[in-house]
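Keep the 3D view open as you read.

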Amino acid sequence: MTAKKIFSGVQPTGNLHLGNYIGALKNFVELQNENNKCIFCVVDLHAVTVKQDPKLLKQNIRKTTSAFLACGINPKKSIIFNQSSVPAHSEGSWLLSCIARMGWLNRMTQFKEKAGSDKEKASVGLYIYPVLMAADILLYDATHVPVGDDQKQHLELARDISKKFNSDFNAPNFFQVPEPLIQKNFARVMSLKDGRKKMSKSDPSDLSRINLTDTEDQIITKIKKAKTDSDPFPRDLKSLNTRPEIENLIGIYCSLTKTKPENLFSDFNNKNFSYFKKKLAEVVNDKIFPISREIQKLNNDVEYIDKVLEQGSEKAYELSSKKIKQLKNKFGF
Ligand code: AQP
């Protein structure tokens, strides 16, 4: 089997959480360990599409890198770098914004969600965010992009940009048409407080998410306080349709233990939710607490983190500057 070329990114906008782990980082590590060629990027240019405190941003770039390493991304096997240190991303984004169509961007639901009711006040950067994401991916000829379910639409846009460029410039294979790698089951982890909202770094309530830096006690408390309802433990998949919070907790359990929900229905039949939550907290702690400890350790080694980013940036620079040169050539520059 030929090795895949993987590219994916995570925004340094706060503490990474269980959603980032299940939807992205866990898969990054599996793909790396299957000997694919992997590039993992701390997408700091994406982060500034909404206002960031410059001092905090610097810390968050390092913290996100620590989280990558603590989850098992190995800088000897994979390239780890931050986006703003490689100029080809900004340059490529401009060139591809001349290929992308307004109508395509107008359909992006994440912009609508993040801009909220006052679109006029959203940054232009937030609007063209998916074009920068397309540049990130296409510059490295990535064949596959592991993302959470929420990024599916942006990846489709990257595919459309790739195909349009190849056709407009009569260059059939200049850009790869990247494939999304999205988990089939439970691709979106939801807030612990509202099963219809995705778990997110920017949710004002810390109780809505399990951070990858939480302590054992914090994890137990958050799961204990997670929203449930007064009905008994479900007996089948069908009854989960109207119980999004329960579906989410069961999804987290199954995803971390690699079990099917069907097995849980018999295991927890006639048990109350406090018992299930206790077991769930054990499962989450088993996976997340070792990561949390490692992140704390790495956060104290700023020199090492900076070295990882610097070395990764050099490699990314080398790869992307070749592609950007060819791209500019195609445009006629
Ligand atoms: N809740 C989630 N469930 C599954 N996957 C998720 N991802 C994010 N949240 C979930 C996936 O993690 C990767 C990195 O995402 P990101 O942090 O760059 O951007 P995001 O999706 O905007 O994440 P947040 O937490 O919601 O950040 P803020 O609050 O800053 O906007 C992506 O592959 C994403 O799919």
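## Sorting the residues

Before we count anything, here's how residues get sorted: Ala, Val, Leu, Ile, Met, Phe, Trp, Tyr, Cys and Pro count as nonpolar, Asp, Glu, Lys and Arg count as charged, and the others, Gly among them, count as polar. One more thing to keep in mind: this is a predicted model.

## Around the ligand

How many residues surround the ligand? There are 22 of them, and the closest are Lys114, Asp150, Lys198, Lys201 and Ser202. Sort this shell and you get six nonpolar, eleven polar and five charged residues.

Two of the elements to look for are strand S1 (5-10) and helix H1 (18-33), which each supply at least two residues of the shell. H1 gives the largest share, with four residues.

## Polar atoms and cover

Now zoom in on the ligand's oxygen atoms. An oxygen atom of the ligand is 2.8 Å from a polar backbone atom of glutamine 11. At glycine 148, a polar backbone atom is 2.9 Å from a ligand oxygen. With serine 200 the side chain takes part: one of its N or O atoms is 2.7 Å from an oxygen atom of the ligand.

How much of the ligand does the protein bury? On its own, the ligand exposes 640 Å², and the protein buries 97% of that.

## The largest pocket

Which pocket does the ligand take up?

By type, the lining of the largest pocket divides into 18 nonpolar, 19 polar and twelve charged residues.

## The second largest pocket

The second largest pocket comes in at about 620 Å³. Its lining has 23 residues, with Asn185, Phe186, Gly251, Cys254 and Pro261 closest to the centre. Here the elements that give two or more residues are H1 and helix H10 (244-257).

Which element gives the largest share of this lining? That's H10, with seven residues. As for types, the lining of the second largest pocket splits into nine nonpolar, seven polar and seven charged residues.

Definitions and conventions:
Residues numbered from 1 in each chain as written. Predicted model: local features only at pLDDT ≥ 70, side-chain atom pairs only at ≥ 80, totals over all residues. Heavy atoms only, no water. Near = heavy atom within 4 Å. Polar contact = N/O pair within 3.5 Å; in protein donor to acceptor, adjacent residues only side chain to side chain. Areas by Shrake-Rupley, 256 points an atom, 1.4 Å probe, with all protein chains shown as cover. 1 Å grid on protein atoms, 1.4 Å probe; cavity = no way out; pocket = protein on both sides within 12 Å on 5 of 7 lines; lining within 4 Å. Points joined across faces, edges and corners; volume = space filled by probe spheres on them.
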